[in-house]
Amino acid sequence: MNITDIPAALISTAVFLLGAAIGSFLNVCIYRLPLGRSIVTPGSACPACGHVIRWFENIPILSFLLLRARCSACNQPISLRYPFVELVMGILAVFLWQKFPFQVDFFIYLTFCAAMVIITFIDLDHMIIPDIISLPGIAIGFAASFISNSMDWQQSLMGILLGGGLFYAVAFIFCLVTKREGMGGGDIKLLAMIGAFLGWQAIPFVIFLSAFVGAVVGLIYTRLYSKGENAQIPYGPFLAGAAICYLFYGQIIITWYMKLFMV
Ligand SMILES: [Zn+2]
């Protein structure tokens with residue numbers, strides 16, 4: 001390691017810790033928002049015994065390892081979900097820093113990724129996409145486009161309209177053809193939020209990728225677990241995952257895909 005690499009490594013470590021700390025807060029949001037509880041007070045407590053978690057038991061990832069995945073008071077296992085969310089946010093923060101070093105876009109898309117992580121896990125747990133994230137998310141994404149280096153407000157506005165509108169049309173046709181509700185209103189608001197942050201160019205990509213991966217996972221899941229019956233699987237995680245995929249690799253994948261047809 002070169003001596004000049006040290007500041008960069010320090011910054012990356014700090015960025016990872018920032019992301020992990022945000023992940024720790026997201027765990028609180030994921031658990032409390034669907035229950036309608038405050039995300040500020042009271043402090044975190046063990047869901048099994050109510051033991052108030054002390055600061056040294058609340059260090060992202062590290063405390064989970066030191067406590068050996070058990071509550072220090074009642075010895076009940078702590079879900080692997082907690083350090084997982086912290087790790088994911090830490091890694092996303094480092095990736096974002098590499099993409100947007102010393103740019104306001106780092107904070108804009110850190111906010112976006114945090115929202116995608118919350119929505120993913122709440123949808124997995126409760127099969128809902130909370131309006132309290134997606135609706136302000138549309139407004140914040142649009143406002144952020146005015147200070148972003150990689151987006152302008154026209155792209156954002158078009159993204160909201162295309163995300164909300166196109167997806168509504170797809171959901172409507174799906175409903176008409178299959179006679180059952182495939183996509184909920186929550187998915188439409190989420191796609192409008194994705195359009196607000198990533199611009200209209202992201203919408204076709206996110207719809208195709210999420211529908212494709214969602215269909216494959218749905219088929220496998222139905223085969224394995226529900227014996228032929230159509231299983232209800234939440235769509236939000238696929239939309240959120242496709243949006244994050246677009247954020248980092250969208251341009252590369254689209255360029256590669258276009259080249260296939262322009263030999
Ligand atoms: Zn406990």
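Student: What radius of gyration does the protein chain have, and what would a compact globule have?

Tutor: The radius of gyration is taken over C-alpha atoms, and the globule rule is 2.2 Å times the number of residues to the power 0.38. For 263 residues a compact globule would have a value near 18 Å, and the protein chain has 20 Å, which agrees. Along the principal axes, the C-alpha atoms fill a box of roughly 55 × 55 × 35 Å. This is a predicted model: local features need pLDDT of at least 70, and side-chain atom pairs count only at pLDDT 80 or more, whereas totals for chains, interfaces and linings use all residues. Residues are numbered from 1 along each chain as its sequence is written.

Student: How many helices and strands are there?

Tutor: Helices (H or I, at least four residues) and strands (E, at least two) are DSSP runs, numbered from the N terminus. The protein chain has nine helices and zero strands.

Student: How is the protein chain divided into domains?

Tutor: Domain bounds come from an automatic or database domain assignment. Here domain 1 covers 1–99 and domain 2 covers 102–263, with 25 Å between their C-alpha centres. Two residues are in contact if their C-beta atoms, placed from the backbone, lie within 7 Å; by that criterion, 15 residues of domain 1 contact 15 residues of domain 2. On the domain 1 side, α1 (5–32) and α3 (81–99) are the elements that give two or more residues, and α3 gives the most, with nine.

Student: Which residues of α8 are buried?

Tutor: A residue is buried if 20 or more other C-beta atoms lie within 10 Å of its own, exposed if 12 or fewer, and partly exposed in between. In α8, A202, I203, F205, V206 and S210 are buried. Their cover includes α6 (153–178), α7 (185–198) and α9 (236–260). Beyond its neighbours within four places in sequence, V206 contacts L191, I194, L239, A242, A243 and Y246.

Student: Which members of the largest nonpolar core touch the most others?

Tutor: In soluble globular proteins, nonpolar side chains tend to be buried together. A nonpolar core is a set of buried Ala, Val, Leu, Ile, Met, Phe, Trp, Tyr and Cys residues joined through C-beta atoms within 7 Å. The largest one has 59 residues, of which C113, I118, I194, V206, L239 and A243 touch the most other members. Its largest share, 13 residues, comes from α4, and each of domain 1 and domain 2 supplies at least three residues.
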